[in-house]
Amino acid sequence: AQGGDWGAIVTELMATQGDPALIGIHTSMPNAVPADIDAAAGSRKPVPSGLSDEEQRAYERLAFFYTQVYYAFHMGTRPQTLAGLADSPVGLATFMIDHDARSLELIARSFNGVAEGLTRDDVLDNVTLFWLTNTGVSAARLYWEYKLGFFSPKGVKIPVVVSSFPDDLYPMPRSWAERAYPNLIHYNALPKGGHFAAWEQPALLTEEMRVGFRSLRT
């Protein structure tokens, strides 16, 4: 199984259920932030002591992200008030494009003629999917219904493949991944790509899955 964003959480929770048919997972948003680090970032405290340079960069990015999740706070507390997502295609598009700061840059650049990652049609197709199915508001309810931590370890014991993309919400340090996943079989820090890697950099992501899962093939 493979997942990023909410799919990463779903995939990791699947991995904890003990189904023998699931022999390994791949994640592009590892749920591997140590609890004390996550708590400090969420409360915007100073950088904890004893972090490596890689871990400190990840902490700073995570703390910065926590200052921008107003969309998540709204969906997590008042999802049914987002009626504009079902009433205006422009409102829906604006809300969906304005994710975290770096994702906004990567998505919006497609409208400025940048030939990298997403195209204008990719972005409009994604918004149209939610508009035609009228699922803008119902999709927001997931933030209200979910009660576990977003980035904390979920107790995954089966083989795990981790791909860390540099423009994700935070770059996952190998040290945190090794601590969270006792059966980490592959870790790679990619040269480019953001939070929506499967959408934006599908070639890199699929190659990571091929390489990472190779040892599990029979």
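Buried means under 20% relative accessible area, exposed means over 50%, and partly exposed lies in between (1.4 Å probe, protein chains only). This is a predicted model, in which local features need pLDDT of at least 70, side-chain atom pairs count only at pLDDT 80 or more, and totals for chains, interfaces and linings use all residues. Residues are numbered from 1 along each chain as its sequence is written, and side-chain values use heavy atoms, leaving out hydrogens and water.

Start with the helices. Helices (H or I, at least four residues) and strands (E, at least two) are DSSP runs, numbered from the N terminus. Helix 1 covers residues 6–15. Its buried residues are Trp 6, Ala 8, Ile 9, Thr 11, Glu 12 and Ala 15. They pack against strand 1 (2–3), strand 2 (25–27) and helix 9. Contact here means heavy atoms within 4.5 Å.

Now take helix 4, residues 70–77. Tyr 71, Ala 72 and Met 75 are its buried residues. Seen down the axis of helix 4, they fall within an arc of 95°, so they line one face of the helix. That arc is taken from the directions from the helix axis to the C-beta atoms. Their cover includes helix 3 (53–65), helix 6 (89–97) and helix 9 (136–145).

Next come the aromatic rings. A pair of aromatic rings is described by the distance of the centres and the angle of the planes. Rings of Phe, Tyr and Trp (its six-membered ring) pair if their centres lie within 6.5 Å; planes under 30 degrees apart count as stacked, over 60 as edge-to-face and the rest as tilted. The whole structure holds 13 aromatic pairs. In one of them, Phe 151 and Tyr 170 have ring centres 5.3 Å apart and planes at 85°, so the pair is edge-to-face. This pair links distant parts of the chain, 19 residues apart. Phe 151 sits in the loop between helix 9 and strand 3, and Tyr 170 in the loop between strand 3 and helix 10 (174–180). Phe 151 counts as buried because its relative accessibility is 4%. Tyr 170 is also at 4%, so it counts as buried.

Phe 196 and Trp 199 form another edge-to-face pair, 6.2 Å centre to centre with 85° between the planes. Phe 196 has a relative accessible area of 25%, so it is partly exposed. Trp 199 is partly exposed because its value is 27%. Ring pairs also build a cluster, whose members include Trp 6, Tyr 71, Phe 151 and Tyr 170.

Which side chain of opposite charge is nearest to Lys 154? It is Glu 12, 5.5 Å away. Lys and Arg count as positive and Asp and Glu as negative; His and the chain ends are not counted. Lys 154 is buried yet has no salt bridge, a term for a side-chain nitrogen of Lys or Arg within 4 Å of a carboxyl oxygen of Asp or Glu. Lys 154 lies in the loop between helix 9 and strand 3 (160–164). The residues it touches include Leu 13, Thr 16 and Tyr 146.

Finally, look at the backbone. Most residues other than glycine have a negative phi. Asp 5, in the loop between strand 1 and helix 1, has a positive phi near 55°. Asn 134 has a positive phi near 50°. Its place is the loop between helix 8 (120–133) and helix 9. Asn 134 counts as exposed because its relative accessibility is 51%.

Note on methods. Lists of a residue's contacts leave out its neighbours within four places in sequence.
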